[in-house]
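Visitor: I have some questions about this one. Can we go through them in turn?
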Amino acid sequence: MSSITTPTTSGGGLAAKAGEALDELDQRFHPAAGMRKQFNKVFPTHWSFMLGEVALYSFIVLLLTGTYLGLFFDPSMVEVTYNGPFTNLRGLGMSQAYNSALHISFEVRGGLFVRQVHHWAALLFVAAMFAHMFRTYFTGAFRKPRETNWVIGVVLILIGTFEGFSGYSLPDDLLSGTGLRIASGITLSVPVIGTWTQWALFGGEFPGTEIIPRLYIIHVLLLPGILLALIAVHVGLVWYQKHTQFPGQGRTENNVVGVRILPAFAAKGGAFFAVFVGVIGLMGGLFQINPIWNFGPYNPAHISAGSQPDFYMGWSDGMARLFPAWELVLGNYRIPATFWATAFFLPVIFVLAGAYPSIERKFTKDNARHNLLQRPRDVPVRTSLGVMGIAFYMVLLISSANDWFAYFFNISLNATTWMGRIGLLILPPIAYWATYRLCLGLQRSDRAVLEHGIETGIIKRLPHGEFIEVHQPLAGVDAHGHPIPLAYQGAPVPKKMNQLGMAGAPVTGSLLKPDPVVETAALAKGRAEEAAAENELHRGSEQRELEQAGRPDGGRPKDITD
């Protein structure tokens, strides 16, 4: 018997061959220098920067789950009879779109789970974009040179809103059909071109047989393509213009302090994405959302009670409910109140949001380039305007469910409508005033600490009998024993003694006990040696780059700044 021995390649051999292949590639296209620069790019570390990552990860989950659902969904409006496993609807006439949505929910393996994950991801996508926009607004990250990225973000929210609307309209159940009927009425309210636009969209009178197939193409092809392109441009601009950062030690308008993209930032991002997918998977498996089988198929003669859209469309519904029945007659044309409350109101809000950086720059005369962020308390007018806008939005969102409040609390629907109208006029100005006063109070609190020190909780009696509280100066005392005041630099000010390290630095360990002292010391020493070696390696690579470029030595290390 003879045996055949298959030659094996060691790990070292594979690494050598891979190195040779990459070297050949670099000799032809020279990507090494550019890639080295990009891999050394620095990103700041702050919890608020994860809001944008949540939006990005939600979009990735939407693409994956939407692709799976698209394999089974049929947007046809052909009338069929349901013979599926859900007894309550068996024998009932419905569209093939609704029938296929029920088929996905009850008969496709994992279909209901993927449907619910897709819906939760859609809500998180828009919510994360809103939260990300608030973070950008309240910290002044939209200022020069990032105005373009702010406008792109506003457009992303607008397109994401219509993408969500087109998505939850596809199943053709009674709830989504009610939303489409509202959209048809809003379209008809547009002066002059309303009827033509409605017929162009719906292919005839409402509901027609064309709107669901058209929405399907818009939802799975047109809007996702636009979103993908805008997200790529948005992230590319963040990469090119560098990330903003909060003021702090070593941070200026001309650098970025943080961690490199590889390996630290990429590892954190990958772990956060895994956690996000796990959480949204739990939400899709445990929390029911949009049970279309309980609503039944859409019938123009019926309407679903308590019909409210998702939160990103609810505020426009609230405006339609609160706006008075004021009509404007111009010759032979009548402009109904619905037009002012929705078709006119929605674009105006987004145009104002997109133009805000230019509006603020016009009033403040601030044309400088900014890399450092601002604390909301340091810009009380902007912060107060933002909170006023949030209060305005919340009143409209709550008013979109005024029929439910009237039903559950047994009060007049007319009363809930007037409560919303009065609240829309009163609550936003109150929110502005309260926020403005709060910002000023926080500013005074910070400056008091910088001038007098931190309250220690120790009460001292002076020789003449006066009782005072002892303060711990941040910058020591002068020759007369008075605290040396510090200038405010836009960074958080410590307010408690333990924030100065008076209780010692925290140590690693479990929930119940700390790690052994020897292990902690060895770990700290190892980290310091690793950082020193990394700095030295980076200095050497930077020196070689300078020599190859023919530039004089003098480059600074980029281990923590870029």
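Visitor: Which helices each supply at least two residues of the nonpolar patch?
Guide: They are α14 (380–399) and α15 (402–408). Keep in mind that this is a predicted model.

Visitor: And where does the largest share come from?
Guide: From α15, with four residues. The patch covers about 990 Å² and is made by M394, I398, W404, F405, Y407, F408, F409, I411 and M419.

Visitor: Take Y407, is it buried or exposed?
Guide: Y407 counts as exposed because its relative accessibility is 61%, above the 50% cut-off. Y407 is found in helix α15.

Visitor: Moving on to charges. How many salt bridges does the structure hold?
Guide: Nine. One of them pairs D403 with R321, at 3.2 Å from N to O. That pair links distant parts of the chain, with D403 in helix α15 and R321 in helix α11 (residues 311–322), 82 residues apart.

Visitor: What does E360 form a salt bridge with?
Guide: With R382, the closest N and O atoms being 2.9 Å apart. E360 sits in helix α13 (residues 345–364) and R382 in helix α14, 22 residues apart.

Visitor: Why does E360 count as buried?
Guide: Because its relative accessibility is 12%, and buried means under 20%. R382 is buried too, with a relative accessible area of 3%.

Visitor: What about D446 and R375?
Guide: Their side chains meet in a salt bridge, 3.2 Å from N to O. D446 is in helix α16 (residues 413–452), while R375 is in the loop between α13 and α14, 71 residues apart. Both D446 and R375 are buried. Salt bridges with shared partners join R375, R377, D446 and K495 into one network.

Visitor: Change of topic. At what angle do α7 and α8 pack?
Guide: At about 145°, with the axes of α7 (residues 174–188) and α8 (residues 194–202) 7 Å apart. The contact is made by L180, S184, T187 and L188 of α7 and by G194, T195, T197, Q198, L201 and F202 of α8. Those residues divide into four nonpolar, six polar and no charged.

Visitor: Last one: how many residues of α4 are buried?
Guide: Nine of the eleven in α4 (residues 96–106). What covers them includes α3 (50–70), β2 (79–81), β3 (93–95), α5 (111–138) and α9 (211–241).

Notes
Residues numbered from 1 in each chain as written. Predicted model: local features only at pLDDT ≥ 70, side-chain atom pairs only at ≥ 80, totals over all residues. Heavy atoms only, no water. Axes fitted to C-alpha atoms, helices over the stretch in contact; angles between N-to-C directions. Contact = heavy atoms within 4.5 Å. Nonpolar A, V, L, I, M, F, W, Y, C, P; charged D, E, K, R; others polar. Buried < 20%, exposed > 50% of the residue type's maximum accessible area, 1.4 Å probe, protein only. Patch = residues over 30% accessible without salt bridge, like charges linked within 9 Å, V, L, I, M, F, W, Y side chains within 5 Å. Areas by Shrake-Rupley, 256 points an atom, 1.4 Å probe, with all protein chains shown as cover. Salt bridge = Lys/Arg side-chain N within 4 Å of Asp/Glu carboxyl O.
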